[in-house]
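Please read the points in order, with the model in view.

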Amino acid sequence: MSALIRILGIESSCDDTSAAIIENGKILSNLIANQEVHAEYGGVVPELASRAHQQNIVPVIHESLKKAKLNLEDIDAIAYTRGPGLLGSLLVGSSFAKGLSLGLKKPLLEVNHMKAHILAHFIKDNSSIPKFPFLCLTVSGGHTQIVHIKSPSNMQVIGNTLDDAAGEAFDKAAKMLGLPYPGGPLIDKYAQTGNPTKFQFKVGNMEGYNFSFSGLKTGILYFLRKEKEKNATFIEDNLADLCASIQNTIVTALLKKLDEAVDKLNIKEVAIAGGVSANSELRKRLMDKEEKGWVCHIPKFEYCTDNAAMIAMAGEFKYKDKDYGKIENTPKPRMMFE
Ligand code: KG4
Ligand code: ZN
């Protein structure tokens, strides 16, 4: 094994086609082709996503190599997202990764997308790197978890959403406000000038470290319906306050459970990961916890939402452990932490 380890990461679990190259923890390139096609449908259309992945994957990998000034022969292994995600989308990335592995005679590395969101913290250009053990609130469009991380290969999910994910709650609320998909970043944007306590919304309090966001969605729907009967332009007149209040409700619910986990497990090393960790209010309020003695870690903005840099980073840990994948293994849309 040469001293330099170079891994090509391929991510295609949902609607972003991404390829990245990592060299000993340092990202040389991280390219993402976003799929505009879904915006008009208000959500990801699986069939359109897999077709767009097929169109994007060759140019994205090509560009990532070009940007890193490398050839395929310079790569030591190929890491790809095995799951969780949309089957049709996962199939494009996994088939391509397997083809490269066979053609180049280089090992294949199977990566769990949710673990990769967490391991993105170990990419060298982050402002801080967590120490083990730590707790991570992983919040994305499909998942909301509190994870206890003992090592890169030893992680335990201690809390989960029982219905909608936090990102889904942001996106569904945004849709009700007439904002395009994905609405999370837009709620964040409009909330900047709004009053977070103007409107009160409720989030169910689940047992343990679990979450539930489906009641919030129904609450917002009925509230807007009632207010619009009185004032047809209620949403337009109150957009900033509505966004700030919804964001405050979701962030408060997330931090409440994280707070309980930190206290009960007595682990003060805390991180956030996943698309919703890009949320400015969540980032700010997590950092405020440092006053309570927490040591907080927030990933660099570009490693929050889906990207292949995190897949390459997770792959690097597996490569060092010689934990290689198998060509006959198929994608796992509902992949768990195993
Ligand atoms: O991790 P990710 O890119 O994809 C999944 O694995 O799901 O997360 C996407 C989710 C979407 O629901 C999006 O609305 C949300 O992350 N998101 C945000 C922000 N940026 C992305 N939610 C709130 N505020 C943001 N700034
Ligand atoms: Zn994700």
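Which residues does Ser18 touch, not counting residues up to four places away in sequence? The model under review is predicted, and the first point takes up this question.

1. **Surroundings of Ser18.** Ser18 belongs to strand S2, which covers residues 16–23. Not counting residues up to four places away in sequence, Ser18 touches Gly9, Ile10, Glu11, Asn30, Leu31, Ile32, Val60, Asn307 and Ala308. Its relative accessible area is 2%, and because buried means under 20%, Ser18 is classed as buried. A polar atom of the Ser18 side chain lies 2.9 Å from the backbone nitrogen of Ala308.

2. **Division into domains.** The domain assignment of the protein gives two parts: domain 1, made of 6–121 + 304–320, and domain 2, made of 129–298. Taken over C-alpha atoms, the centres of domain 1 and domain 2 are 27 Å apart. To the contact between them, domain 1 gives 16 residues and domain 2 gives 24 residues.

3. **The interface between the domains.** About 1500 Å² is buried between domain 1 and domain 2, and carbon and sulfur atoms give 75% of this area. On the side of domain 1, Met114, Ile118 and His121 lose the most area to domain 2; together they account for 44% of what that side buries. How many salt bridges are counted between domain 1 and domain 2? The count is zero. Two residue pairs in polar contact are found across this interface, both at pLDDT 80 or more. Helix H3 (residues 113–119) gives the most to the side of domain 1 that touches domain 2, with five residues. By class, that side of domain 1 has nine nonpolar, five polar and two charged residues.

4. **Arg6 in strand S1.** Arg6 is placed in strand S1, residues 6–11. Is Arg6 buried or exposed? With a relative accessible area of 19%, Arg6 is under the 20% limit and therefore counts as buried. Not counting residues up to four places away in sequence, Arg6 touches Ile22, Glu23, Leu70, Asp74, Ile75, Asp76 and Ala77. With one of these, Glu23, the side chain of Arg6 makes a polar contact of 2.7 Å, side chain to side chain.

5. **Glu269 in strand S9.** Strand S9 (residues 269–273) contains Glu269. Glu269 has a relative accessible area of 13% and is buried. Leaving aside neighbours within four places in sequence, Glu269 is in contact with Ile129, Pro130, Lys131, Pro133, Phe134, Leu135, Val295 and His297. The side chains of Glu269 and His297 are joined by a polar contact of 2.8 Å. Glu269 and Cys296 are 27 residues apart in sequence, and their C-alpha atoms are 6.2 Å apart in space.

6. **Salt bridges and the pair Lys217 and Asp164.** Side chains of opposite charge can pair when their charged atoms come close. In this model the count comes to 19 salt bridges. One of them joins the side chains of Lys217 and Asp164, at 3.0 Å from N to O. Lys217 is in helix H6 (residues 214–230), while Asp164 is in the loop between strand S8 (154–160) and helix H4 (166–176); the pair therefore ties together parts that are 53 residues apart in sequence. Lys217 is partly exposed at 27% relative accessibility, whereas Asp164 is buried at 7%. Both residues also take part in a network of salt bridges that links Asp164, Glu168, Lys172 and Lys217.

7. **The pair Asp241 and Lys198.** A salt bridge of 3.2 Å, N to O, is formed by the side chains of Asp241 and Lys198. Because Asp241 lies in helix H7 (residues 234–265) and Lys198 in the loop between helix H5 (184–191) and H6, this pair ties together parts that are 43 residues apart in sequence. Asp241 is buried, with a relative accessible area of 17%, and Lys198 is partly exposed at 41% relative accessibility.

8. **The pair Lys320 and Glu316.** The side chains of Lys320 and Glu316 meet in a salt bridge of 3.4 Å, N to O. What separates Lys320 and Glu316 in helix H9? The two are four residues apart in that helix (residues 309–320), so about one helical turn separates them. Glu316 is buried, with a relative accessible area of 2%.

Note on methods: Residues numbered from 1 in each chain as written. Chains lettered and ligands numbered in written order. Predicted model: local features only at pLDDT ≥ 70, side-chain atom pairs only at ≥ 80, totals over all residues. Heavy atoms only, no water. Domains from an automatic or database assignment. Contact = heavy atoms within 4.5 Å. Buried area = accessible area lost by both parts, 1.4 Å probe. Salt bridge = Lys/Arg side-chain N within 4 Å of Asp/Glu carboxyl O. Polar contact = N/O pair within 3.5 Å; in protein donor to acceptor, adjacent residues only side chain to side chain. Nonpolar A, V, L, I, M, F, W, Y, C, P; charged D, E, K, R; others polar. Buried < 20%, exposed > 50% of the residue type's maximum accessible area, 1.4 Å probe, protein only.
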